Amino acid sequence: VKKSNLKSYSNVFGEKLTKLAENDEKIVAITAAMMSGTGLKIFNNKFSNRFFDVGIAEQHAVTMAAGMATEHFKPYVAIYSTFLQRAYDQVIHDVVIQKLPVKFMMDRAGLVGADGATHSGSFDLAYLLCLPNIVVMAPSNENELALMVYTASKYNEGPIFCRYPRGEAAGVQIQDKLVSLEIGKGKIIKKGKKIAILSLGSRLTDVIEVHDSLKKDGYDITIADARFAKPIDKSLVKNLYLNHDALLFVEEGSVGGFSSQCLNYLSSKNLLGQKPTLVKCLTLPDFFQDQGSQKEQLMEAKLDKNGILHEVKKIISILNILPKVENKIG
């Protein structure tokens, strides 16, 4: 058994929330029989009077958080992505419609490995992004997660969600001074030409490796970190689409999620078809994946480094023959 010195995303969340709670007595934490799994053990050890484990009752956890938000507390609800599905009615009726500033931390978003289909956080993007009045964040590494935990503490205009994966973080240094992120703003990581990849969440590490691999072969592609699944960075999406010959969306979620929202935006603004930009979406497959390691599941979903690299090489091949086809037609 190999031991790693890297912290898990869950532990990063627990540590940062505990640190914030030292200076903000309004912060409370709620979970549904997932204290250790969500990294809240450290919070409970220090602030047991502000920690609430409601047992296997996700619906009650959400409604309890809604009530606390009306009393000007800052409730963080830490629940696995797959189990937040059980409280979808409460999310909509008790929180979202009332625009209450509940902070949802969705652990285990994406593939989870040996726990299999019952625990995979495959659908949260699809079932949340259709809701008005919300913010949905997805960190690409542990520093981004720390910034998003802090951002959530300062956001009071409505519900805010943060989805992050199971397991080890990326090994990125967490900055000492946390700042609030600008809501709905992504960022360019690598600036290139011809092909752009817009990644949401922790797939960014593999996307950057794909970039580095292709750069050795003379291909320089643009890499962007979406940061927010809602509101999407419309300016970023528009510029990536209009200024590249191909745009690839990468997300560890089901069809109907982030990339669907981006395509809907491009369509609504009559941008699709303005120029012959090739658009591809890499999402989880349309079936329940069996148990396996996270690495094996990502490989099966073609969302690992090799799967993304294969897709980009296919795009490069298509772009190379497009001019010939156009000349022939002309």
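The model is predicted. One cavity of 30 Å³ or more turns up in a search of the whole structure, and the largest pocket holds about 660 Å³ of space.

**Largest pocket**

- The volume of the largest pocket is about 660 Å³.
- Its lining is made up of 22 residues, and those closest to the pocket centre are Arg203, Asp206, Gln294, Lys295 and Leu298.
- Helix 8 (204-216), helix 11 (294-301) and helix 12 (305-329) are the elements that each supply two or more residues to this lining.
- Helix 11 provides the largest share, with four residues.
- Sorted by class, the pocket lining contains nine charged, seven nonpolar and six polar residues.

**Largest cavity**

- Six of the cavity-lining residues are nonpolar, three are polar and two are charged.

**Helix 1 and helix 7**

- Two packed helices are described by the angle between their axes and the distance between the axes.
- For helix 1 (residues 9-22) and helix 7 (residues 142-154), the axes come within 9 Å and the crossing angle is roughly 40°.
- The crossing of helix 1 and helix 7 is right-handed.
- On the helix 1 side, the contact is formed by Tyr9, Val12, Phe13, Lys16, Leu17 and Leu20.
- Helix 7 contributes Glu142, Leu145, Ala146, Val149, Tyr150 and Ser153 to the contact.
- Nine residues of the contact between helix 1 and helix 7 are nonpolar, one is polar and two are charged.

**Helix 9 and helix 10**

- The axes of helix 9 (residues 234-242) and helix 10 (residues 258-268) come within 10 Å and cross at roughly 75°.
- Lys234, Val237, Lys238 and Tyr241 of helix 9 meet Cys262, Tyr265 and Leu266 of helix 10.
- The contact of helix 9 with helix 10 has five nonpolar and two charged residues, and no polar ones.

Note on methods: Residues are numbered from 1 along each chain as its sequence is written. This is a predicted model: local features need pLDDT of at least 70, side-chain atom pairs count only at pLDDT 80 or more; totals for chains, interfaces and linings use all residues. Side-chain values use heavy atoms; hydrogens and water are left out. On a 1 Å grid over the protein atoms alone, a cavity is a set of points where a 1.4 Å probe fits but cannot get out, and a pocket is an open set with protein on both sides within 12 Å along at least five of seven lines; lining residues have an atom within 4 Å of a point. Grid points are joined across faces, edges and corners, and a volume is the space filled by probe spheres set on the points. Ala, Val, Leu, Ile, Met, Phe, Trp, Tyr, Cys and Pro count as nonpolar, Asp, Glu, Lys and Arg as charged, and the others, Gly among them, as polar. Axes are lines fitted to C-alpha atoms, for helices over the stretch in contact, and angles run from 0 to 180 degrees between N-to-C directions. A crossing is left-handed if the near helix is turned anticlockwise from the far one by less than a right angle, and right-handed if clockwise. Contact means heavy atoms within 4.5 Å.
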